[in-house]
Amino acid sequence: MTDALYRDLLGLAQEAARRAGELLRDGRPADLAVAKTKSSPIDVVTEMDIAAEKLITDLISGRRPDDGFLGEEGACAEGTSGVRWVIDPLDGTVNYLYGLPTWAVSIAAQQDGETVAGVVAAPMRGETYHAVRGGGAWATGAWAGERALACRPAPPLDQALVSTGFNYVTEVRARQAEVAARLIPLLRDIRRGGSAAIDLCDVACGRLDGYYERGLNAWDFAAGELIAREAGALAGGRPGERPSRELTVAGSPGVFEPLQGLLEDFGAWHD
């Protein structure tokens, strides 16, 4: 796979994310309601999640009909090109349902299981973050055009600002709350934004020192993890492992390692 193809994939992801973001921002009905639920009655899908995923998959498959898909709202195809698109059409659905601004469109392109391009569009922030493998991480916005991203220099862990998220299954989130209660006295503070993709991009932007969460799917972290890593952050799962449903961790070098170690000691990876 060539650098030129990486850039082509990035450009297509940017176009799809921009158009889906505009649909979600401008087309949100005043009477938006839950279309269905997933893991629990509070794990919701709206009609706009479904519409945004269809827009993205229709656009990409129209340009690259041999590619595969993995999407949160059901898009799944093997493809024959070796490229797979990993799509979260609306990361932060509950925020979106309530009219909170922290939601995003996340699109990653993978080659042989490796993420090579990623875009996270956050329309209510007026920002889009993107990266290609080996090309650094960047943000665009009306406020400043395009700028390179770099994670923050690592503070001592007790001065680190860390974000996390909680599962929609009651028993799992109760366990996550126990871990957070043990962790918070050891940090500056903990934030809970409601969008894994944005949290990972905030690590890349230097707005957070670290982030962790249990229970994420590939579509939640594929694009954001690449963006964080290309901004100089470290990312992984349990020690020696990649991000997974068991655990996803990202942070500035110097924060990532002790945070990951504490999460392992506290059993953050199991229910």
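**Exercise 1.** Which residues in α6 are buried?

*Solution.* This is a predicted model; local features need pLDDT of at least 70, side-chain atom pairs count only at pLDDT 80 or more, and totals for chains, interfaces and linings use all residues. Residues are numbered from 1 along each chain as its sequence is written, and side-chain values use heavy atoms, with hydrogens and water left out.

Start with the terms. Helices are DSSP runs (H or I, at least four residues), as are strands (E, at least two), numbered from the N terminus. Buried means under 20% relative accessible area (1.4 Å probe, protein chains only).

Now read along α6. Trp219, Asp220, Phe221, Ala222, Ala223, Gly224, Glu225, Leu226, Ile227 and Ala228 are buried. That makes ten of the 13 residues, so α6 is largely enclosed by the rest of the structure.

**Exercise 2.** Check the span of helix α6 (residues 218–230).

*Solution.* The expected span is 1.5 Å times one less than the number of residues. For the 13 residues of α6, this gives 18 Å. The end C-alpha atoms are 18 Å apart, which agrees. Next, look along the helix. A kink of about 25° is centred on Gly224 (the angle between axes fitted to the seven residues ending there and the seven starting there). After α6 comes Gly232, with a positive phi near 100°.

**Exercise 3.** Classify the lining of the largest cavity.

*Solution.* List the lining: Thr164, Gly165, Gln176, Val179, Tyr212, Glu213, Arg214, Leu247 and Ala268. Ala, Val, Leu, Ile, Met, Phe, Trp, Tyr, Cys and Pro count as nonpolar, Asp, Glu, Lys and Arg as charged, and the others, Gly among them, as polar.

Methods. On a 1 Å grid over the protein atoms alone, a cavity is a set of points where a 1.4 Å probe fits but cannot get out, and a pocket is an open set with protein on both sides within 12 Å along at least five of seven lines; lining residues have an atom within 4 Å of a point. Buried means under 20% relative accessible area, exposed over 50%, partly exposed in between (1.4 Å probe, protein chains only).
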